[in-house]
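Hello,

Here is the structure we talked about handing over. Could you open it and keep it beside you while you read the notes?

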Amino acid sequence: MVKIGIITGSTRDARVNIQVAEWVKSIADQRIDVEFELVDIKDYNLPRYNESVPAIMTQDYQTPEAKAWSEKISELDGFVFVTPEYNKSITSGLKDAIDYLYMEWNNKAAGIVSYGSSLGVTAANNLRLILTVPKVATVGTQPGLSLFTDFENMSTFKPAPFHEETVQTMLNEVVAWSTALKTIRN
């Protein structure tokens, strides 16, 4: 059985990101063929990326928080990133969380759920590009949520019902790809 982490993409105190991630997990938990876990990057308290040697060259992390983050990502077979769009990109907290590691991401699959004033499309596209370096394969189906129609007052998440089918399709792809990629890691 594969294990998929649903990774939050925001660390702000006033974030709506956790609402979206919990919603994705509630849909994911309807499945019995895979284990899903909510992984909140805020819980890891990663400081701004400041390792002396890039992660692509070593796993000898000097930042204590990076060691716990490494252990968590290592035990996962795939991911669903839940990302808001800030200034046409992902958050600095999510970028740092990705940059802290390299080998732990390799040869795993990911789906992306994005949201923003324009569905978070540009952030999702940037995230796809970023994930190519640590060798994360991103699936094609991408649920995009609108701050104007899927949130009440841009603060309470109330997704349109049709999004659930798109999330299920994305999860099917992430599980299939994660299962296949697990064979080349073992």
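First, the ground rules. This is a predicted model, in which local features need pLDDT of at least 70 and side-chain atom pairs count only at pLDDT 80 or more, while totals for chains, interfaces and linings use all residues. Residues are numbered from 1 along each chain as its sequence is written, and side-chain values use heavy atoms, with hydrogens and water left out.

Helices (H or I, at least four residues) and strands (E, at least two) are DSSP runs numbered from the N terminus.

Let's start with β1, residues 2-8. Seven of its seven residues are buried, meaning under 20% relative accessible area with a 1.4 Å probe, protein chains only (exposed is over 50%, partly exposed in between). Val-2, Ile-4, Ile-6 and Thr-8 cover one side, and Lys-3, Gly-5 and Ile-7 are buried on the other.

β1 runs parallel to β2 (residues 34-39), joined by six bridges; two strands pair if DSSP finds at least two bridges between them. Gly-5 has Glu-37 as its bridge partner in β2. Between β1 and β2 the chain passes through helix α1 (residues 17-28), in a right-handed β-α-β crossover. Right-handed here means that, with the strands pointing away from the viewer, the path from the first strand over the helix to the second runs clockwise.

β1 is also parallel to β3 (residues 78-84), through five bridges, and Thr-8 stands opposite Val-82 there.

Why is β3 described as largely enclosed by the rest of the structure? Because seven of its seven residues are buried. On one side these are Gly-78, Val-80, Val-82 and Pro-84, and on the other Phe-79, Phe-81 and Thr-83.

Seven bridges link β3 to β4 (residues 108-116), again in parallel, with Phe-81 opposite Ile-112. β3, α3 and β4 form a right-handed β-α-β unit. In α3 (residues 92-99), Leu-94, Asp-96, Ala-97 and Ile-98 are buried. The buried residues of α3 pack against β1, α2 (64-74), β3 and α4 (121-132), where contact means heavy atoms within 4.5 Å.

Best wishes
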